[in-house]
Amino acid sequence: MESIYYVLCWHCHRRCKHCYESRFRPYVRDELEAVISEAERNMPRIINNFPERMSYEDWRNPLPDGTVPQRRSRIILSGGDVLTEPVRERILYPALERLRERYREKGGVNVVVQTTGDLLTPKIIRELLNLDVWMISVSGLDDYHVGMAGEGKVSLLDQLKREFEAAGIRPSGLRADERGWMDEKGPVYSAFGATDDAWIGKLWPRGRAWENSLSKANLTDNFCNAWSGGLNFLEYGRSGSEVSIDPTGDVYPCCLKTASPLGNLIEEPLYEILDSLAGHPAMEAINAGKPERMGLTEGWTTADFFEASRTTMPDGADYQNLCIGCDRYFTQVLGPILDEIRNQRRANRHGLIAIS
């Protein structure tokens, strides 16, 4: 697996209007303790069901002799914001320690900590480096994030650059179209935000971005056929493979998240889930970045899928995007099928006969 995007906890110190997940928000008192305790309880079991080794074959960059090199994989730890005090102390730091021990004698792993950036301090930077973090990724530098509009993001980035430099952290060459940064020697940092030409571009039709009618995507914007979409999620031995994990342990083929999870890492290993889905026509369509083809064997033509991709945004405007069709196909057809496959995996583990 080239990359695992693991959302550690729902807690965030912001409630940004563009966020793709409505559960990312501030929590207080008993509600805060509930989400922290859930994430704290689930984290060890989730990591225990990660792959035994975190490496992949880089088919994008063969060596001069034609052989395919093995690369070290990445695990991205994100939120919410993982640097809020309760998440940082009770979940993030223990997770970093657990990952270091799990992969220490198995080739290691490049761990990325993703944060909005405004909670970083020199002390926290040192603590992250002491836990072998390879990259600190600042993802809140845009006009959507509360407090970052206009000059706010510029002054924060200038401050962070000084703090990173003082800690011996170099800027990464991270670019979506240039993969050489994956072999950079850490520690490094990256900084980006939600703009029209970077990151989530026209905004995914998800969460508060959807509730606030902010998505500008149309039918030609195929979020599935891109990094952090479903493209290549089944190809776990090769470059381009990534899955997303929620604090509950639910597994998704994309960061946007399908209407139903593929399985759950609290109860089963990641590769067992993916192996059980390989060859399924709908899963292979997502894997190919062609979600409009996921229902062909179940009687949904591509024309049916495009029609199912139509909806109305909360502000009343007409909207059409493949993610909407995907949600409807999962809800109407694929969800129960995934439940049956999951029950069969469970039965196989326990030597039982699956009941559908």
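Colleague: Which residue does Val-251 stand opposite in strand 11?

Modeller: Quick general idea: strands of a sheet pair through backbone hydrogen bonds, either parallel or antiparallel. Here, Val-251 faces Gly-263 of strand 11. This is a predicted model, where local features need pLDDT of at least 70, side-chain atom pairs count only at pLDDT 80 or more, and totals for chains, interfaces and linings use all residues. Residues are numbered from 1 along each chain as its sequence is written, and side-chain values use heavy atoms, with hydrogens and water left out.

Colleague: How many bridges join strand 10 to strand 11?

Modeller: Two strands pair if DSSP finds at least two bridges between them; strands are DSSP runs (E, at least two residues) and helices likewise (H or I, at least four), numbered from the N terminus. Strands 10 and 11 run antiparallel and share 2 bridges.

Colleague: And what is the strand order in the open sheet?

Modeller: Its 9 strands go 7-8-6-5-4-1-9-10-11, with mixed pairing. Strands 7 and 11 sit at the edges with a single partner strand each, so one side of each has no neighbour in the sheet.

Colleague: Where is Asn-232?

Modeller: In the loop between helix 5 (207–211) and strand 9 (242–245). Asn-232 has phi near 70° and is partly exposed at 24%.

Note on methods. Buried < 20%, exposed > 50% of the residue type's maximum accessible area, 1.4 Å probe, protein only.
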